[in-house]
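Open the model in your viewer and keep the selection panel at hand.

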Amino acid sequence: MRLPKSFYARSSTEVARDLIGMVVVRKLDGERLAGKIVETEAYVGPHDLACHASKGRTRRTEVMFGPPGYAYVFMIYGVYNCLNAVTERKGYPAAVLIRAIEPIDGVERMRRLRPRAGREVDIGSGPGKLCQAMAIDRSLNAANLAGPDIWIEDRRLDPGRIAVSPRIGVDYAGEFTDKPWRFFAAGNAHVSRHRLNSGGKGGGSPIVLTVV
């Protein structure tokens, strides 16, 4: 079963936390590529200076102003794609970035799509990596996250403890730089390794939460 639109029509931080352990699926040439979501980040609306919508409504961010439950796929550095789930309510631009997955199904196909990934833990341990591994690009921007090409299943594999920390790479976001809106499966080897244990902005000691 696929997650209903009502799942996404909530606070972005709640959705980001609840996506940990869910399974994202990409149907590619009839083959199922799937990964357990182990890391997310919440971008909570136009007042959040780390959110793309803080710059206003543009062609790039148009999908964020639409109904929840759709994919927002954008490119960074002109090379890497990033997959987001649009959240909150229609007209209020917010989203959750899926930062890392633990590969489950179609692992060998993912390896071929990411030939430079030496180990399995390198296949989806970052937003650009997982998009390469699952062949997610701008053609899926505004795609329905209930399928047929991409979806998130309404089942949760045990994520263990969930930790939170400031988001990565948002040092420009002023008072929003240190908001604890990054969620990840504590101790999972597939979580992106960037600044997990460093101090300072964007990488303070994680706060461990109890899994509900």
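**Stop 1: Asp18**

Select Asp18, which lies in helix 2. Helices here are DSSP runs of H or I with at least four residues, strands are runs of E with at least two, and both are numbered from the N terminus. This is a predicted model: local features need pLDDT of at least 70, side-chain atom pairs count only at pLDDT 80 or more, and totals for chains, interfaces and linings use all residues. Residues are numbered from 1 along each chain as its sequence is written, and side-chain values use heavy atoms, with hydrogens and water left out.

Is Asp18 buried or exposed? Asp18 counts as buried because its relative accessibility is 19%. The cut-offs are under 20% relative accessible area for buried, over 50% for exposed, and partly exposed in between (1.4 Å probe, protein chains only).

Now show the side chain of Arg10. It makes a polar contact with the side chain of Asp18, at 2.9 Å. A polar contact is a pair of N or O atoms within 3.5 Å; within protein, one must be able to donate a hydrogen and the other to accept it, and residues adjacent in sequence count only if both atoms are side-chain atoms. Leaving out residues up to four places away in sequence, Asp18 touches Phe7, Arg10 and Arg156. Contact means heavy atoms within 4.5 Å.

**Stop 2: helix 2**

**Stop 3: Cys51**

Jump to the loop between strand 2 and strand 3 (71-76), where Cys51 is found. Cys51 is buried, with a relative accessible area of 3%. Which residues does Cys51 touch, not counting those up to four places away in sequence? They are Tyr43, Gly45, Met64 and Pro93. Draw a C-alpha to C-alpha distance from Cys51 to Asn144: 21 Å in space, for 93 residues in sequence.

**Stop 4: the whole chain**

Zoom out and colour by secondary structure. The chain has 4 helices and 9 strands. From the N terminus, the elements run α-α-β-β-β-β-β-α-α-β-β-β-β. Along its principal axes, the C-alpha trace spans about 45 × 35 × 35 Å. Colour by burial next: buried residues make up 54% of the 212 in the chain.
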